[in-house]
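Let's take a walk through a protein model together, one spot at a time. Keep the picture open and follow along.

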Amino acid sequence: MTRGFTMTRSAVLQLALLWTLGGHALAQSAVSADVPEAGSAEAIAVATGDSHFLSPWVSSVPQSASVPSPEKFFGRIMGAPGEFVDSAKAYAYCRALAAASPRVRVFNIGRSEEGRDIITVAIADEAGIRDLDKLKAATAALADPRRTDPAAAEKLISSARPIYYFNAALHSDETGSVEAVLELAYRLAVSEQPMIQGIRRHLVVLINPVSNPDGRDKVVEWFYRYLKGKTDYPNLPRQSPPYWSKYAFVDINRDTHQQTHETTKAVHRMFHEWHPTVVHDLHEGMPFLMTWNGTGPYNPNIDPITYAEFLALSFHEVETMTAMGMPGVSTWNFGEAFAHLYLDSVAMNHNSIGRGYETFGNGTAETVHRTVSPEESTMEWYRPLPPAAGDVLWSSRDNLNYQETGALAALDYSARNSTEMLRNFYKKSWDSWQKGLNSPPYAFLIPEDQGDRLRVAQLVGRLLAQHIEVSRATASVTLKDGAYPAGTYVVRMDQPYRNYAVDLLTPQHYPKDGGEPYDDVSWELPAHYHLNAVPTADASVRSAPLSPVTEMPHPSGNVAGVGPVFLLKDTGQESLLAARYRLSGFAVEVAERPFKVAGVDFPEGSWILPAQDGLADAVRKSAAELGLDFASAAAVPDVPRHAAKPARVGVWVPWADTDSIGWVRYSLDQRKIPYTYVRDEDIRSGGLRDKLDVLLYGHVDLELAEQIQGIPRKWGPMPFKKTPQTPSFGTPAESDDITGGIGWQGLAQIQEFVESGGLLLTLGSGSMLPLEAGIVRGVRRSAGGVPRSSQGGGSESAAAAQQAGARTPGAHVRVTFDRPDHPIAYGYPSRSFVFRQNFPLYDTPRRWLRMAYCTSCLDGPEDRSGIVMEWGDRDGAPFVVSGQAWGENRLIGRPAILDMPVGHGHVVAFNFNPLHRDLNRGDQRLLWNAIINWQAIIEAKP
């Protein structure tokens, strides 16, 4: 069998070589083959770990007399062992390529948080480069069938081209794609192979060589500082710096709905300028090349044509590379294609094709021994030529060979099917528009006055950022299913992005039997924002008096009267935390019971601002900025109330995991909330209560021991500081040694902080620390683990989360306040809902837990006094609002928020993350309430 297999592979390789040298059509023999650049074939062969990991398409680089090759520019081949290219050098090469070749142009599409350029490289034949503006105009016209009828579309299709966009180095420790696309760009620019000529003639190829340049530079410097020359893979020190960009780590690829990060904004900006037919994101994570399309369930709001298209592309790549004898090329068995919240999803959500690769990246430039697991080496229909199980010597060049060969196969397929791809692109836009014309809902109506006009405006802004058209009623609108006042926002469905609008404005329904999802299963914006977007089946909405909204609205608040006392009615406004710090120089009191002034009812949680010098001007300024309405009164109302002194907030960011807490920092920065960045070493140093009133510890993807002990000390000292050799280190924080975590010493300092009167706020899995490390007593974990993806690492912990009796993998689920008079409940109804991922599940607190095995030593009685909020709706409403849950009966009744006294302070532990990726803005007020009312919580009031 082995001998026969080898013979077949050898024969296939020979055929593939003949095909490459002669093009697809052997009749094109008049076109001469490229001349390999001297020494390139030998260098590539040496850098490749096994001849089966090399295709004839990338076994050398073509020679050019006028255009610099990567080897000439960098002094080595791409993928050479022990070397990486940073963003500045990558950009310099791209600009040199454009300067030397009439087939290449470079465009800036954005700037990173740290000020680095984000570029894209356009490659086509000379005519394509000359006509780039016309080609962009053509795809823009095809994207909007309201202005391009079918006849006009067919005429455009005959001369237009698909635009194929590659995105490299989004996840910065997935290091291989930068050099793969640099070599690809050169090959596309200079090769005269018939296949490459066809790609240039029928497509425009866009390449973003370093989509996250801040992270790329940190990772490159990290390699040269800590990894160069080390090849014992199982014993390598940490392979990634603690930061890639200012806020996000892996979650930079979970930002397409929000567009908070500069990389995301740049790629979206590119998309809506160029309207590429394909957005292809290059990732690393499994042997040897997985071409995405997902196992299902599929999102019903994506046009089915798209699913057929990305399946066809993936099958072509598997077929082509398998025919070349390259083992380990697979498809299908990755993710589910239900959620489209990733960077490539900008295409899926806008009638194009979003796709990607996972290849076998080392995270280091050195050649190392890796292991292929038995389950990755079985022959399956989606993996017809599996890799051999066991040890494999794997190099950066091996990774590059797979990425570049796959990319060429995809481009070849797209060039040969260019007309069909453009026609499908138009058809999907047409179908989306026609659905909105011919079937309900015909529109969604979003009332402006839902207790928080600014949050309504922010939701509208998110829709506009996705190029979903929103209008506003200029007069009242009366429909069969209701009446709406002037000022109501209206999202009509007769638009090309109707399907995406429906996806964002309606609940998700992930099937119970759909298998374990890869990420969130709910992203419904009205649920995230705790707002109503009302669908209408009345087609007459299209005749309503509407005015287009062209930019995010900014509602201005009002100040009624001249004081001297000012009142702020609590209607659930999310901007109250920002308001408290805008008014930090003034005393603010919070009502603990409802009251009435001048016939107006004010609920508990409403603000009372006593007469103070300069207050009136400050209130007016805050009202204008934050959309808040203040009223005035002659005297302070007679109602129980407490002071709300601005808290000195510290945000603890452990060096071992900065990702999710990056969203905490982002949310506070966006609201201009002052806080102290607290590092592990700051915790260890102690004296926290002297500096802070509130210590906020967000969700982390760490088990308890990792939260305490952090990055292993055996790798230390491991500085993360700006030096001449590491100029990108030290942002947004620096350290002489990031190893060791807080240790037991730091844990004791946190306990001391709480016991001496501080408020510790913990979110998601961050709540493990106080509940399981002994700061809080009487609470036991009943199920669950850290919610990391088994496909992205941490399989044992993921299994604990995914196999728990109760699972909510990113869903909106119902809750009930046990203590509706608690300050955390201000602004919310007694029954509500929040967004929850798979977090550890905790039992109802007990007065004590078992201390020995004897009759009188067992668990004490339950004590529900610390439960502020519990899971489930006490009146029996369905548990799931959007998404899906499994085993919800094990969750219902257990604590969602705990407020536990410890010494003179308190621990407030959230069993969910109210700051999830800047999405669940309706949940954020729960956390803001705790910060605003920290003194009342510490004093156990009300």
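Where is the place of arginine 116? Arginine 116 sits in the loop between β1 (104-111) and β2 (117-123). A word on those labels: helices (H or I, at least four residues) and strands (E, at least two) are DSSP runs, numbered from the N terminus. This is a predicted model, in which local features need pLDDT of at least 70 and side-chain atom pairs count only at pLDDT 80 or more, while totals for chains, interfaces and linings use all residues. Residues are numbered from 1 along each chain as its sequence is written, and side-chain values use heavy atoms, with hydrogens and water left out.

Back to our arginine. Arginine 116 counts as buried because its relative accessibility is 19%; buried means under 20% relative accessible area, exposed over 50%, and partly exposed in between (1.4 Å probe, protein chains only). Its side chain joins that of aspartate 214 in a polar contact of 2.7 Å, and another polar contact, of 2.8 Å, links arginine 116 to the side chain of aspartate 217. A polar contact here is a pair of N or O atoms within 3.5 Å; within protein, one must be able to donate a hydrogen and the other to accept it, and residues adjacent in sequence count only if both atoms are side-chain atoms.

Glycine 296 and proline 297 are joined by a cis peptide bond, with omega about 5°, and proline 297 lies in the loop between β6 (289-291) and α12 (304-323). Another cis peptide bond joins glycine 716 and proline 717, where omega is about -5°. You'll find proline 717 in the loop between α24 (704-709) and α25 (743-755).

Alanine 337 isn't a glycine, yet its phi is positive, at about 65°. Look for alanine 337 in the loop between β7 (329-331) and α13 (345-348); with 13% relative accessibility, alanine 337 is buried. Histidine 467 also has a positive phi, near 60°, and is a residue other than glycine. Histidine 467 is in the loop between α16 and β12 (470-473), and at 40% relative accessibility it counts as partly exposed.

Next, a sheet. Six strands make an open, mixed sheet in the order β18-β24-β19-β23-β20-β25. The edge strands are β18 (559-560) and β25 (641-643); each has a single partner strand, so one side of each is left without a neighbour in the sheet. Two strands pair if DSSP finds at least two bridges between them. β18 pairs with β24 (residues 630-633) in the parallel sense over two bridges, and valine 559 has phenylalanine 630 in β24 as its bridge partner.

What about the cysteines? A disulfide is a covalent bond between the sulfur atoms of two cysteines. The rule used here asks for a pair of cysteine sulfur atoms within 2.5 Å, and the count comes to one disulfide. That disulfide joins cysteine 854 to cysteine 857, S to S 2.0 Å, and the link is right-handed, with 75° about the S-S bond. Cysteine 854 is partly exposed, at 29% relative accessibility, whereas cysteine 94 is buried, at 2%.

On a 1 Å grid over the protein atoms alone, a cavity is a set of points where a 1.4 Å probe fits but cannot get out, and a pocket is an open set with protein on both sides within 12 Å along at least five of seven lines; lining residues have an atom within 4 Å of a point. Grid points are joined across faces, edges and corners, and a volume is the space filled by probe spheres set on the points.

The second largest pocket holds about 650 Å³ of space. Its lining has 28 residues, and the closest to the centre are Gln458, Met552, Tyr666, Gln670 and Arg921. Helix α16 gives the largest share of that lining, five residues.

How many cavities of 30 Å³ or more does a search of the whole structure find? The search finds seven. The largest cavity has a volume of about 100 Å³, and among its 13 lining residues, Phe84, Thr175, Gly176, Ser396 and Asn399 lie nearest the centre. Helix α14 (residues 396-416) gives the most to this lining, with three residues.
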